[in-house]
Structure formats: structure tokens, C-alpha cells
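Colleague: I am new to this structure and would like to learn how to read its cavities. Please take me through them.

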Amino acid sequence: MKHFPIFLNVQSRRVIVSGGGDAALAKLRLLLKTEAKLTVFAHDPAPEILKWATEGRLTLTPRALEVGDAVCAKLFYAANEDAAEDARVAKIATAEGALVNIVDNLQDSQFITPAIVDRDPVTVAIGTEGAAPVLARAIKADLEEKLSPTLGLMARVGKEFRKQVEALPFGRKRREFWTEYFFGATAPETEEDAQASLETLLEKHLTAPKNDGHVDLVGAGPGDPELLTLKARKALDAADVVIYDRLVAPEILELARREALMIEAGKTGFGPATPQDVINELIVSHARGGAHVVRLKSGDPTVFGRLDEEIEACEAAHISWRIVPGITSASAAVAALGQSFTKRGRNSGMRFLTGHDTKGFADHDWKTLAQPGEVAAIYMGKKSARFIQGRLMMHGADPATPVTVIENASRPTQQILATTLADLEPALTNADLNGPALTFLGLAPRAALAAAEQFETKEAVS
Ligand code: SAH
């Protein structure tokens with residue numbers, strides 16, 4: 001280890017940046033997070049620097065640094081993006097006693113600035129001794145994602161609460177309390193929330209020897225794990241039991257806590273299914289046993305997800321629950337087309353429909369849907385395609401109305417079948433799609449690029 005990591009107190013200390021361009025700006029953005037007294041020496045400072053100077057956030061001296069300027073400085077950054085000028089000012093600053101960093105010159109720098117994850121007062125510094133900045137950035141990105149944006153606020157409020165937590169026995173009990181506070185399913189957003197969450201948690205830990213169960217009704221998105229929300233990821237991280245739908249992608253299930261019990265509660269339109277009351281019972285019985293249950297549903301749980309029945313089961317059993325929304329498959333599918341749901345002059349509203357419901361093919365307001373310009377996303381619409389086609393044609397829809405079917409939206413196996421109402425069947429049957437598919441009535445893939453893809457896809461699937 002050539003560089004020893006320390007946290008230096010710069011409160012009210014002089015920190016100098018020599019330079020006024022991009023390199024100086026990058027350092028200043030970091031330094032402005034501190035309580036240091038910042039001074040910039042620059043001939044030609046960038047507008048941001050001028051703005052910060054007028055706001056009183058730093059002192060600007062609009063000329064090059066000269067002998068005597070760096071006296072009493074704690075840290076000094078040579079950021080002129082000019083090797084000769086950097087060497088000149090670094091020499092002055094070193095002679096005047098400052099610790100010197102020359103931007104992009106590891107060799108001649110006395111210290112380096114790490115990549116920082118800032119959750120003040122929690123600060124994570126990452127350094128690779130200049131060997132692998134890409135790695136440092138990747139670690140930083142990973143941590144940024146893992147650590148709640150309000151972690152700093154939680155730490156500050158938590159610190160004030162330490163005395164009260166002494167009411168819990170020393171050791172495991174207190175550790176469990178703090179773990180739940182910092183890594184629980186919901187991060188507080190304000191100081192009041194954090195305070196309230198500490199108080200509620202303490203009460204809970206003081207009175208309940210056994211954890212109460214909880215149910216998170218979580219949207220897993222359309223399949224691409226990157227379309228999962230951070231909240232969903234956290235819930236998966238914390239889950240004791242995950243009850244998931246057949247449509248949830250395996251890559252997403254991988255993200256669940258290793259020790260979690262994974263239960264598939266399969267449902268297939270018209271096919272084998274776990275009855276809803278069995279699913280409700282599964283959810284409730286695990287939560288009653290004290291488990292943190294994640295009920296993981298594809299897309300958004302509030303869209304054709306029989307969510308209300310599960311909520312009612314939780315309510316009836318007095319189990320706390322929460323909805324974590326997800327990206328519905330129609331959003332991923334419309335993105336795949338390069339289109340938007342609504343467009344000025346075309347449609348000022350759109351519908352989410354299901355091809356079938358518990359009673360069979362679902363009935364809709366066919367007369368309205370048959371009007372020109374209507375846009376509808378039809379879920380579970382594969383088996384009912386001929387029925388929908390027939391009903392719309394019967395109500396006078398234009399046979400040339402564009403209809404696009406997107407299979408496996410957002411997954412590597414995504415396929416697009418662009419057709420018209422008149423051709424929907426037999427085109428869909430011929431395409432023999434096996435994955436989940438969403439049908440758009442009134443939307444075609446965006447022209448140009450999409451037209452080419454559409455041709456290829458048609459070729460590929462026909
Ligand atoms: N809650 C889900 C919908 C559940 S109903 C959501 O918000 O997306 C199941 C139907 O969703 C499937 O029959 C199919 O129509 C659609 N679906 C789910 N995932 C899909 C995907 N990746 N691509 C296309 N359609 C999908």
C-alpha cells in the first residue's frame with residue numbers, strides 16, 4: 001500500500017485549486033461538499049467558478065498563483081491542464097507547506113483523491129493507487145446503488161438516538177435493531193421519518209420478542225433485471241420467503257437473498273395454475289410465522305395481478321403489507337417499438353385490456369375500440385386474438401388498423417410481429433410465439449429502422 005487512506009479534517013482550513021478549466025471544476029465539485037475555505041487561482045475561470053465565487057462558496061483570485069499565495073494551505077491542487085504551469089505552482093505550494101496533488105500526474109503528487117460515495121456523515125473512499133480508475137468507478141456505482149440516498153440522514157438521526165437504544169440488552173438485540181433501521185425494507189426520506197422509524201422500531205424490539213411478518217407485493221418488471229426498481233432489489237435482499245409468478249425471469253430470482261425460501265406460484269392463462277386462495281394462504285401463513293414475504297409478480301403488480309385479493313388476505317390476517325410498483329410489460333413493449341402510448345393529435349388516452357378474464361374471453365367496449373386512432377395494450381391476448389379480431393371487425397374497425405405483438409419484451413429473446421387487424425390471425429398463430437406477448441392495437445413500430453426490423457422479424461417468425 002503506497003497510499004495510506006485517512007480522513008483529513010479540512011473544516012475552516014485553506015484548500016487551494018490552481019486552474020479554472022474542466023480539471024479544476026471536477027475537483028471543485030468534490031471540494032464544495034466539504035467545509036474547507038476554498039481559494040481558486042485562475043486567469044480565465046469557467047462560468048461555474050465565477051458563479052460559486054459570487055455565491056460566496058469560494059474565493060476567486062483571477063490570476064496565476066505566485067509565491068506567497070499558498071501559505072497556510074492544507075491541500076493544494078494543481079489543475080491547470082498544463083504540465084509546465086502545474087509543475088511551477090506545485091513547487092511553490094510544496095515550499096509553502098501544503099500537501100500537493102497534480103491532476104493526472106500520480107508520480108509527482110503527494111496525495112491522491114479517491115472515488116467517493118457521499119452519504120455524509122458516512123463517506124466511502126475508494127482508491128486503486130491510480131491502477132484501475134474504471135474499477136474504482138464500478139465499485140462506486142455498485143455502492144451508490146446499494147446505499148440508500150438517505151443513509152447519511154439516517155446515520156445523523158440514529159446517532160442522536162443511541163442512548164435510547166441502550167434500553168435493549170447489549171449485543172445481538174441492539175445489532176438487530178440497528179440492522180433493521182439501516183437496512184430495513186423502507187428507507188426514511190426525511191428526518192421526521194427517520195425519527196419516527198427509530199421510535200417505532202424501538203417499541204417493536206422492546207415489546208415483541210419475535211419478529212412480526214410483513215408482505216411486500218413487488219413488481220419484477222418485464223424481464224430485464226436492469227428494469228427492476230432499487231426498492232424491489234432491496235426487498236429481495238431482505239426477503240425470507242419469495243413467492244413468485246411463473247413469468248418472473250430467472251435472472252431476477254437470482255437476486256433474492258441466498259437463504260430465502262423460493263416458492264413458485266405458477267399461473268398460466270387457460271393452463272395449470274395455483275389457485276388464488278392457495279397463494280393467499282401461502283403468503284399469509286409465512287408472514288404469520290414471522291417471515292418477511294416478498295410476493296413477486298411480473299411487470300407491475302397493480303396491472304392484471306390479482307393484487308387486491310392478496311391485499312385483502314393480508315388485511316384479514318392483520319399483516320402489514322406494501323406495494324412496490326414495477327415497470328409493466330406494456331411500457332417495455334412500447335419502448336421496443338420506439339413509440340409512445342399517447343401522442344398529440346393521435347390519441348389522448350389509451351387502454352390496458354386483458355384478452356381473457358376468470359370467465360373466459362373478456363368483453364370490452366368494442367364499439368369504441370373500433371374507432372380510428374384508438375390505442376390499447378392487450379395483455380394475455382394471444383389465445384383470444386381471433387375473438388378480438390372478430391369483435392373489432394364486426395364493430396366496423398378498419399381492417400388496415402396496425403396491430404403489433406411483442407413477445408418477451410425487454411428480454412434477449414424479444415420478438416416483434418407487426419401486422420394489421422385483418423391479418424392478426426392467422427399471422428399470430430403462424431408465428432407460434434411461446435413466451436408472454438403483449439398486443440398493441442393501433443400502434444406500429446416506428447418507421448425507418450423499425451420498418452427494417454419488422455421485415456426481419458416477420459421473416460424470422462413466419
Ligand atoms: N402484471 C403484469 C401483467 C400480468 S398478466 C405486467 O404489469 O406486465 C400476464 C401478461 O402480461 C402476459 O400474458 C403478457 O400479455 C404480459 N407480459 C408479461 N411479461 C411480458 C413480456 N416480457 N413481454 C410481453 N408481454 C408480457
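Modeller: What follows goes through the cavities and their linings. This is a predicted model, where local features need pLDDT of at least 70 and side-chain atom pairs count only at pLDDT 80 or more, while totals for chains, interfaces and linings use all residues. Residues are numbered from 1 along each chain as its sequence is written, and side-chain values use heavy atoms, with hydrogens and water left out.

Colleague: What is a cavity, and how many of 30 Å³ or more does the structure hold?

Modeller: A cavity is a set of points, on a 1 Å grid over the protein atoms alone, where a 1.4 Å probe fits but cannot get out; lining residues have an atom within 4 Å of a point. Grid points are joined across faces, edges and corners, and a volume is the space filled by probe spheres set on the points. Here there are two cavities of 30 Å³ or more.

Colleague: Which element gives the largest share of the lining of the largest cavity?

Modeller: Helices (H or I, at least four residues) and strands (E, at least two) are DSSP runs, numbered from the N terminus. Helix 15 gives the largest share, three residues. Helix 15 (385–394) and strand 19 (437–441) each supply at least two. Among the lining residues are A385, I388, L392, T439 and L441.

Colleague: What lines the second largest cavity?

Modeller: Its lining includes L353, T354, W366 and L369. Strand 13 (351–354) and helix 14 (366–369) each supply at least two residues.

Terms used: 1 Å grid on protein atoms, 1.4 Å probe; cavity = no way out; pocket = protein on both sides within 12 Å on 5 of 7 lines; lining within 4 Å.
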